[in-house]
Structure formats: structure tokens, C-alpha cells
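Hi there,

Here is the structure I promised to pass on to you. Please open it and have a look around before you read my notes below.

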Amino acid sequence: VMTVVTLADPLATVGPASTITLHSAKLNGFVNARGALTSVVFEYGTDGVTFPISVVATPSSGDGNADLPVSATVYGLAQGPTYNYRICGCRCA
């Protein structure tokens, strides 16, 4: 008898932003790759619906089964608007 175990989608958890200045912020979170190589980016924008800007996280990928802390500092933010962000974990081909 042979068996096949399929991979689960990566699990991403957004954390609070830190090191916030007038024009930059450090975005934080965790990604559990669930055993397959996963690339990680943060996406952000100001309307809370679309996230048109993306930045590669540090570290940029992972492949374990534990929560991996990830972050990215974004620059060039406008002073005043509220920014919304999310983490995207994508399986590497």
C-alpha cells in the first residue's frame, strides 16, 4: 500500500507594526510554511480593501513547520493616512 500526503497551505499571522516614524514603519508577523518552501511578502495600502504595494519580507522564505518571525520596513509612507497590511505566503515552484 502506498500513501500520499498533500501539503497544507502556508499559515500567515499578522503582528503589530513597530518602529513607526513619519514616513516609515516596520511590519511584523509570522509564517508557518507547513513543510514546503514558501516565499513571503507583505502587501499594504490605504483603503483596507486593496493592497497594491508589496515588499519582500526578511527572511524572504521558509520551509519549516513552526512559526517563523518575518518583518519588512517600508519607506516613503505619507504622513497622516492609515495603512493596512497583510502577509502573503506563496509556495515556491
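Predicted model: local features only at pLDDT ≥ 70, side-chain atom pairs only at ≥ 80, totals over all residues.

Arg34 sits in the loop between E2 and E3. Its phi is positive, about 55°, although Arg34 is not a glycine. With a relative accessible area of 33%, Arg34 is partly exposed.

Now for the overall picture. The chain has 0 helices and 6 strands, and from the N terminus on its elements run β-β-β-β-β-β. Along the principal axes, the C-alpha trace spans about 60 × 25 × 20 Å. There are 93 residues in the chain, and 28% of them count as buried. If you take the contacts with a separation of 6 or more, 65% come from residues 24 or more positions apart. The accessible surface comes to about 5900 Å², and carbon and sulfur atoms hold 58% of that. As for charges, the chain has 4 positive and 5 negative ones, and their mean positions are 3 Å apart.

Next, the inside. The largest nonpolar core has 13 residues, and those touching the most other members are Leu27, Val40, Phe42, Tyr44, Val70 and Ile87. Strand E2 (24-32), E3, E5 and E6 each give two or more residues to this core. In soluble globular proteins, nonpolar side chains tend to be buried together.

Setting aside residues up to four places away in sequence, Val40 touches Val31, Val56, Ala57, Pro59, Ser60, Val70, Ile87 and Cys88. The peptide bond leading from Thr58 to Pro59 is cis, with omega near -5°.

You will find Thr38 in strand E3, which covers residues 38-45. Is Thr38 buried or exposed? Its relative accessible area is 1%, so Thr38 counts as buried, the cut-off being under 20%. The side chain of Thr38 reaches the backbone oxygen of Ala36 at 2.8 Å. Apart from neighbours within four places in sequence, Thr38 is in contact with Pro10, Val31, Ala33, Ser60, Ser61, Gly62, Gly89, Cys90, Arg91 and Cys92.

- Thr19 is in the loop between strand E1 (11-14) and E2. Thr19 has a positive phi of about 45° although it is not a glycine. Thr19 counts as exposed because its relative accessibility is 58%, and exposed means over 50%.
- Pro81 is in the loop between strand E5 (68-75) and strand E6 (84-91). At 39% relative accessibility, Pro81 counts as partly exposed. The C-alpha atoms of Pro81 and Ile20 are separated by 13 Å, and these two residues are 61 residues apart along the chain.

Best wishes

Conventions
Residues numbered from 1 in each chain as written. Heavy atoms only, no water. Helix = DSSP H or I, 4+ residues; strand = E, 2+ residues; numbered from the N terminus. Buried < 20%, exposed > 50% of the residue type's maximum accessible area, 1.4 Å probe, protein only. Polar contact = N/O pair within 3.5 Å; in protein donor to acceptor, adjacent residues only side chain to side chain. Contact = heavy atoms within 4.5 Å. Core = buried A, V, L, I, M, F, W, Y, C linked by side-chain atoms within 4.5 Å. Areas by Shrake-Rupley, 256 points an atom, 1.4 Å probe, with all protein chains shown as cover. Lys, Arg positive; Asp, Glu negative; His and termini not counted. Charge placed at Lys NZ, Arg CZ, Asp CG, Glu CD.
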